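Hi,

Here is the structure I promised to pass on. Please open it alongside this note; what I found follows below.

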Amino acid sequence: MAENRDVLMKIENLKTYFPVKKGVFKRTVGHVKAVDGVDLEVYRGETLGIVGESGCGKTTLGKSLLRLCQPSEGSVHYAFSDGTKDIMRLKGNEFDKVRRNLQIVFQDPYSSLNPSFTIFGAFNDPLKKFGIGDKKEREELVARLLADVNLPRDYMTRYPNEFSGGQRQRIGIARALSVDPELIVCDEAVSALDVSIQAQVLKLLKKLQVERNLTYLFITHDLSVVEYVADRIAVMYLGKVVELAETDDLFAHTLHPYTKALLSAIPIADITKKKKRIPLQGDVPSPVNPPSGCPFHPRCQHATDRCKSEVPKLRPFVFEGKSHQVSCHYGEQFAEETTSV
Amino acid sequence: MGCVMQPIRHRWAEMAFNESNDTILEVKDLCVNFYTNQRCNKALRNISFSMKRGKTLCIVGESGCGKSVTANSIMQLLPELSRIESGSITYHGEGQSIRIDSLKRNGRKMRRLRGQEIAMIFQDPMTALNPVFSVGFQIDEMLQSHLPLSRKEATERSIQLLKEMGVPLPEQRVHEYPHQYSGGMRQRAMIAMAMACAPKILIADEPTTALDVTIQAQIFELMLDLKHEKQMAILLITHDMGVVAEMADDVAVMYMGNIVESGSAEQVMASPAHPYTKALLESIPVLGKGKNQKLEPIRGTTPDPYDRPKGCQFAPRCDYATDGCAVQMPSETIVEDGHMVRCFHHKELLHG
């Protein structure tokens with residue numbers, strides 16, 4: 001699996017800043033550095049999990065990739081069928097055409113469907129835009145899509161308020177699938193659902209991925225969910241990727257102190273497992289004024305003077321032939337510890 | 001291991017004597033109905049449990065199962081068009097037992113109890129705190145309404161409380177407003193307010209659902225410390241089985257207004273006797289089990305509360321259901337010391 005991977009999307013030095021305005025003349029006094037230099041490669045057919053606490057920039061990253069918010073810097077090279085293009089540089093018209101390949105499923109199933117459209121109406125707009133079929137064919141297509149997400153055909157004529165949260169989320173997924181995309185960004189797609197429904201949606205996502213060879217960018221704060229769905233996981237902190245590894249590898253050889261703390265904080269639904277918790281002090285610092293050096297140093301128990309002044313780079317490590325990237329000055333030291341255990 | 005859940009049917013007579021000193025709150029056969037649009041939602045149906053000093057009772061269930069209604073009935077915070085139909089809620093304070101359900105909602109006695117003896121923290125600290133008053137003012141208000149304190153003394157106490165809850169720079173923070181606090185801080189401020197009068201019971205209604213896991217861990221750590229220090233009883237309402245495994249001494253699983261299973265955390269989590277508990281545990285991904293763990297979603301959805309199944313509420317979604325389940329609600333059965341279940345098929349579940 002590791003060799004000759006087909007890179008679908010290559011994100012380089014992506015930055016999304018939002019200006020902070022103040023005063024009568026709305027002068028820009030600073031920037032919220034929501035995404036602050038992210039480099040990632042997304043492979044075809046994989047699920048890349050992006051995890052982090054609220055405010056770490058994971059949603060902004062997802063939205064920037066679809067240009068739902070405009071990134072300030074950086075490039076995203078996407079391998080289209082007719083060659084690789086930088087989607088950040090595409091002009092309006094061109095981008096509209098390629099948008100078909102990139103779809104998103106939003107967190108809140110209640111606000112992502114227009115209440116005044118029937119379900120068919122919600123599907124019809126994107127289909128019409130990309131000129132797929134005539135009305136009859138579109139109806140057939142929608143019926144098929146609904147069947148894919150285990151909903152009966154006649155739901156097409158109903159309005160969103162008639163559905164439960166789980167059903168709406170499945171409609172959202174079906175809508176994202178309607179234009180036959182390659183990549184779907186799932187932005188906290190299961191977070192708003194009850195546990196029993198969450199399992200239904202997760203299984204559905206996995207099934208669809210196999211059937212349609214989809215690539216998922218799975219954004220979530222829930223590590224147990226991401227462990228279940230993702231092939232690789234990127235951990236974000238204050239707009240930066242701090243650790244990136246294959247799923248099993250990340251749990252077996254956790255290198256970054258932040259990932260360790262995050263993992264230890266998760267309550268496990270297994271009464272036989274008691275674990276040591278690594279308490280984290282304080283809150284995530286403000287992204288307007290991030291700490292100097294390593295962004296995690298004020299909360300890190302291993303922090304030294306070097307961490308305060310020097311920004312660590314994302315560096316590769318190799319465990320049992322698998323690549324593992326971490327941005328910590330003391331990665332080597334932690335790597336030795338995890339292998340010796 | 002204390003067995004808190006005692007499905008009580010035969011002890012009405014003894015009740016007044018407060019059989020064990022450890023029990024601080026007893027709920028018996030509680031029924032609560034909501035009336036809207038000429039329809040009646042039986043939100044709680046015959047639920048019974050008791051809480052003990054220094055123990056945490058977790059109520060777990062999906063949205064709409066009646067967890068919050070249970071908490072609100074104990075605090076008498078139910079909405080206007082609802083009432084306690086039958087059953088009792090008894091608070092065993094020092095030297096006296098008070099029937100909470102018979103008190104007037106906003107009567108003097110209830111108001112004295114609320115906050116001083118039983119305190120509550122809510123899910124969303126931003127909506128629970130008043131944005132136009134400083135945090136300090138809101139804690140002072142709480143202190144002054146229950147204790148004979150001057151304003152200056154109350155402020156000092158507030159600072160002390162914020163300090164105990166781990167809010168940095170409490171002298172400065174006490175004068176700040178809720179929007180200046182972060183989510184975790186706000187929840188700490190809420191807990192400070194709840195702890196102001198050293199209550200005997202703390203009711204926490206999904207206290208960490210809106211928070212990040214690292215902050216959640218901090219808040220739980222704080223709650224555990226308080227429990228040990230003050231021998232406080234905690235009623236923790238959650239939908240997260242992980243939280244239950246982490247925090248609970250005792251567990252009650254609710255479904256559609258019934259407690260379907262209750263017992264100690266080990267009993268319920270390790271050997272669930274009710275199909276719903278089992279299904280719930282199988283439907284969540286557990287950290288550390290990897291990509292190939294089997295998830296079994298519960299089929300169907302929760303029924304409409306106005307159009308309930310006749311017999312066992314879980315029967316339409318249950319793999320074990322037989323004809324008998326659709327006719328009659330199973331009664332409370334004790335399968336083991338302190339382990340109660342409402343299911344006809346508990347033997348199949350427990351013994352394979």
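Let me start with a turn. Glu320 of chain A takes a positive phi near 45°. Glu320(A) belongs to the hairpin of S11(A) and S12(A), which has two residues between the strands. Strand S11 covers residues 315-319 of chain A and strand S12 covers residues 322-326. The two run antiparallel, joined by five bridges. Within that pairing, Pro316(A) stands opposite Gln325(A) in S12(A).

Keep in mind that this is a predicted model. Its scores are ipTM 0.80 and pTM 0.84.

**Chain A overall**

Chain A has eleven helices and twelve strands. Its radius of gyration is 21 Å, close to the 20 Å that the globule rule gives for 341 residues, so chain A is as compact as a globular protein of that length. The C-alpha atoms fill a box of roughly 65 × 60 × 45 Å along the principal axes. Of the 341 residues, 43% count as buried. Take the contacts in chain A with a separation of 6 or more: residues 24 or more positions apart account for 64% of them.

**A covered strand in chain A**

Look next at strand S8 of chain A, residues 215-220. How many of its six residues are buried? Six of the six are. In a regular strand, side chains alternate between the two faces of the sheet. Both faces of S8(A) are covered. Thr215(A), Leu217(A) and Ile219(A) are buried on one side. Tyr216(A), Phe218(A) and Thr220(A) are buried on the other.

Which strands pair with S8(A) in the parallel sense? One is strand S3 of chain A, residues 47-51, over five bridges. Another is strand S7 of chain A, residues 183-187, also over five bridges.

Chain B has an open sheet of eight strands with mixed pairing. The order is S6-S7-S8-S3-S9-S10-S12-S11. The edge strands are S6 (118-121) and S11 (333-336) of chain B, each pairing on one side only. Neighbouring strands of this sheet are turned by 20° against each other on average, direction ignored.

**Where the chains meet**

The contact takes 33 residues from chain A and 38 residues from chain B. On the chain A side, the elements giving two or more residues are helices H6 (195-212), H7 (223-229), H8 (247-252) and H9 (257-265). H6(A) provides the largest share, six residues. By class, this side of chain A has 17 nonpolar, eight polar and eight charged residues.

**Confidence in chain B**

Chain B averages a pLDDT of 88, and 94% of its residues score at least 70. Which stretch needs care? Over residues 5-19 of chain B, the pLDDT is below 50. Beyond near neighbours in sequence, this stretch has 20 contacts in the model. Where pLDDT is low, the predicted coordinates should not be read in detail.

Best wishes

Methods. Residues are numbered from 1 along each chain as its sequence is written. Chains are lettered from A and ligands numbered from 1 in the order in which they are written. This is a predicted model: local features need pLDDT of at least 70, side-chain atom pairs count only at pLDDT 80 or more; totals for chains, interfaces and linings use all residues. Helices (H or I, at least four residues) and strands (E, at least two) are DSSP runs, numbered from the N terminus. The radius of gyration is taken over C-alpha atoms; the globule rule is 2.2 Å times the number of residues to the power 0.38. A residue is buried if 20 or more other C-beta atoms lie within 10 Å of its own, exposed if 12 or fewer, and partly exposed in between; C-beta atoms are placed from the backbone. Two residues are in contact if their C-beta atoms, placed from the backbone, lie within 7 Å. Two strands pair if DSSP finds at least two bridges between them. Axes are lines fitted to C-alpha atoms, for helices over the stretch in contact, and angles run from 0 to 180 degrees between N-to-C directions. Ala, Val, Leu, Ile, Met, Phe, Trp, Tyr, Cys and Pro count as nonpolar, Asp, Glu, Lys and Arg as charged, and the others, Gly among them, as polar. pLDDT is the predictor's confidence in each residue, from 0 to 100.
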